[in-house]
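Hi,

Here is the structure I promised to pass along. Please have a look at it first, and then read on for what turned up.

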Amino acid sequence: MPSLIPHHMHYLRLLMPGLSIRTLVKLACLLDPYNPSICPLLKRAHSKRRNSTGSTVSSVASDGEAEPSDSPHLLTSPTLETYIELFLSVLITLNQKRRTQSSDQSLSRSSSMLGQTYTKHLVALSEGSQVVQSNPLAAGLHHAAIVMDGILYTWGSNKNGKLGHGEEEERKSQPTRVETLYMLGRQVLAVSCGAEHTIAMCQDGLFSWGGSSHGQLGHGDRLNRTRPVQIGTLADKNVVSVVCGQYHCLALDGDQRVWSWGWGVHGQLGLQSTDDRLFPVHVSVLDYKEISFIAAGYGHSAVLTSKGEVLVFGNGMYGQLGLGNSEKQSCPVVVPGLQKRTVYLIGCGNFHTVAVCTDQSVYYWGKNLQRLATTEGDVQTTPSIIH
């Protein structure tokens, strides 16, 4: 019942000093104003405050005196200020406990382990195993991000809040720590940048922020976020890799399932459709392929199987799919020109794709903006080896 919420909130504040850091972190995430679950409550509280103010003004005008602030119906649900105060109290208590905690060595060991993870080979072809694909450095259209010891830093253009610092307009000329993730104790494993958004892969899930004109943040709407918000759909999916295209995203989980969302006009989501998707959607057609690596370009995507096979989908206008034509594909298709090769690494540029084979040979296809170390034409519609 709504009338019980203020009592529970008061009781929670009394218990707060005795709560563990882990519990406080979970509580901070729950109460975060950007949390989709808490937003309706905050909007309701804001609306109630606005209506109450209007009612009070009317009462003064008609009767000459305002309704008492302790009127019973005003106490049946918490005010907007009460929510915010509780959230801030949790953050203050959390940071106080961190400062006084004497077990910093355990955190250092965790950071050291993360550093070791960065140096490992990130493609698990042998034995079909899945490891976290750690991308500690990423760049979008006009911004960049780097992960150092599990802490994320961003800089560059902050249009639509894509730096994650809580505002939209200010440009950062040097790497600046993303305070929301740091404050909540999120260990960042990898980061990826789109044109107007950023996604961080943490130990306990994916967090996204920035522009979402095509739903690329994965929160079920097209609203911008200026601070990191967890993608709820993938919270329990054990994601091991995430990549951003221009306005779309791919994620790979520990069961080798691929998820896609965002801009879909070219079929780059692999869902046999050209619709945008506002939530991550399971690309079930790839389930039997044992996907081990994912990549995304401007309007196309590529995935790599544990057997070294490359599949592509999306925009093929410049031959970036490697299928010998310029047609789009909304369903993943095997690149025929590489079927006799064993590929272990793939990457997508805006309009081209690159594959590295186990014998260290490198193949490319797509629009040859910088001629990709060759002297051939501007467009290559099938895989061609770089000599």
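Let me begin with a helix pair: helix 2 (residues 21-31) packs with helix 4 at an angle of about 155 degrees, and their axes lie 9 Å apart. Please keep in mind that this is a predicted model. Angles over 145 degrees count as roughly antiparallel, so helix 2 and helix 4 are roughly antiparallel to each other. The crossing of helix 2 past helix 4 is left-handed.

Which residues in helix 2 meet helix 4? From helix 2 come Ile21, Leu24, Val25, Leu27, Ala28 and Leu31. In helix 4 they meet Leu86, Phe87, Val90, Leu91, Thr93, Leu94, Lys97 and Arg98. Sorted by class, this contact of helix 2 with helix 4 has 11 nonpolar residues, one polar and two charged.

Now to the salt bridges.

Arg13 sits in helix 1 (residues 5-15) and Glu85 in helix 4 (residues 80-100), so the pair links distant parts of the chain, 72 residues apart. Both partners are partly exposed: Arg13 has a relative accessible area of 39%, and Glu85 has 45%.

Asp204 forms a salt bridge with Arg186, and here the closest N and O atoms are 1.8 Å apart. Asp204 lies in the loop between strand 6 (197-202) and strand 7 (205-210), while Arg186 lies in the loop between helix 6 (179-183) and strand 5 (188-193), so the pair ties together parts that are 18 residues apart in sequence. Asp204 is partly exposed, at 34% relative accessible area, whereas Arg186 is buried, at 10%.

Lys237 pairs with Asp236 in another salt bridge, with the closest N and O atoms 2.9 Å apart. Asp236 is exposed, with 61%.

Finally, Asp253, Asp255 and Arg257 are linked in a network of salt bridges.

Happy browsing, and do write back if you have any questions.

Best wishes

Conventions
Residues are numbered from 1 along each chain as its sequence is written. This is a predicted model: local features need pLDDT of at least 70, side-chain atom pairs count only at pLDDT 80 or more; totals for chains, interfaces and linings use all residues. Side-chain values use heavy atoms; hydrogens and water are left out. Helices (H or I, at least four residues) and strands (E, at least two) are DSSP runs, numbered from the N terminus. Buried means under 20% relative accessible area, exposed over 50%, partly exposed in between (1.4 Å probe, protein chains only). A salt bridge is a side-chain nitrogen of Lys or Arg within 4 Å of a carboxyl oxygen of Asp or Glu. Axes are lines fitted to C-alpha atoms, for helices over the stretch in contact, and angles run from 0 to 180 degrees between N-to-C directions. Angles under 35 degrees count as roughly parallel, over 145 as roughly antiparallel, 65 to 115 as roughly perpendicular and the rest as oblique. A crossing is left-handed if the near helix is turned anticlockwise from the far one by less than a right angle, and right-handed if clockwise. Contact means heavy atoms within 4.5 Å. Ala, Val, Leu, Ile, Met, Phe, Trp, Tyr, Cys and Pro count as nonpolar, Asp, Glu, Lys and Arg as charged, and the others, Gly among them, as polar.
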